[in-house]
Amino acid sequence: LPDDLAVLDVHVPRALARRHRAATDVAVEWPRAPKVGRVSVRVRIAGRAVGFVPVTVAARASVFVATQALPAGHLITVDDVVVSREVVAPGLRPAEVAIGTITTAALAAGDVIDRARVTRPPPVARDTDVAVEVQAGAVTIRTHGRLAASARPGEPAVVRLDAGPQLRGTLVDDHRVVVTQELP
């Protein structure tokens, strides 16, 4: 199979399973290119064709996975998720964005973050006072500013500092923007 596909389930008919319980020399042939969904493959045992067996094929994709149990109503932060390459069951719609969303249902550690169990919080209004953290290597500078435009937690934000300049960072919650500066 291609690297982006995986067999999720094999639906062996009972009659075939009873006839060939101890089969060790099993070969599978794909009559057509594999695709996501339920498809049939040709099976040979000991070199003899025995018929077709349905299999469920799923896509493998990069998704957000919960690192710990998350209760309903929890604002997801960078510490709550990791990006992992997982087999995505048919019908599951992984969330494109997880950090900054709010859980609408409880999630267990290891669950894929899907669209049905998270929602985006309302935007924080323009001119809202926010704490600003500028991080450059091991140095963190804290100050205050105002949002130059409305933004949602987890999204990029532009903040005006009291001293005048504007910085671009990430609104990490309703009251804090983090700006990361790369050191030369």
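**View 1. A nonpolar patch on the surface of the predicted model.** Leu 1, Val 7, Val 10 and Val 12 form this surface patch. The model shown is predicted. Val 10 sits in strand 1, which spans residues 5-10. Its relative accessible area is 45%, so Val 10 is partly exposed.

**View 2. The largest nonpolar core.** This core holds 12 residues in all. Val 124, Val 130, Val 132, Val 134, Leu 147 and Ala 151 are among them. Ala 157, Val 159, Leu 161, Leu 171, Val 177 and Val 179 also belong to the core. Strand 8 (129-136), strand 10 (156-161) and strand 12 (176-181) each contribute at least two of the core residues. Nonpolar side chains tend to be buried together in soluble globular proteins.

**View 3. The surroundings of Val 124.** Val 124 is a member of the largest nonpolar core. Neighbours within four places in sequence are left aside here. Val 124 then contacts Leu 147, Ala 151 and Leu 171, among others. Ser 150, Pro 153 and Asp 174 are also in contact with Val 124.

**View 4. Asp 114 in its loop.** The loop that carries Asp 114 runs between strand 6 (102-103) and strand 7 (118-119). Asp 114 counts as buried because its relative accessibility is 8%, and the cut-off for buried is under 20%. The side chains of Asp 114 and Arg 117 are joined by a polar contact of 2.7 Å. Beyond its neighbours within four places in sequence, Asp 114 touches Leu 92, Arg 93, Pro 94 and Ala 95.

Technical notes. Residues are numbered from 1 along each chain as its sequence is written. This is a predicted model: local features need pLDDT of at least 70, side-chain atom pairs count only at pLDDT 80 or more; totals for chains, interfaces and linings use all residues. Side-chain values use heavy atoms; hydrogens and water are left out. Patches are made of residues with over 30% relative accessible area and no salt bridge: like charges are joined within 9 Å, nonpolar side chains (Val, Leu, Ile, Met, Phe, Trp, Tyr) within 5 Å. Accessible areas come from the Shrake-Rupley method with a 1.4 Å probe; for residues, only the protein chains shown count as cover. A salt bridge is a side-chain nitrogen of Lys or Arg within 4 Å of a carboxyl oxygen of Asp or Glu. Helices (H or I, at least four residues) and strands (E, at least two) are DSSP runs, numbered from the N terminus. Buried means under 20% relative accessible area, exposed over 50%, partly exposed in between (1.4 Å probe, protein chains only). A nonpolar core is a set of buried Ala, Val, Leu, Ile, Met, Phe, Trp, Tyr and Cys residues joined through side-chain atoms within 4.5 Å. Contact means heavy atoms within 4.5 Å. A polar contact is a pair of N or O atoms within 3.5 Å; within protein, one must be able to donate a hydrogen and the other to accept it, and residues adjacent in sequence count only if both atoms are side-chain atoms.
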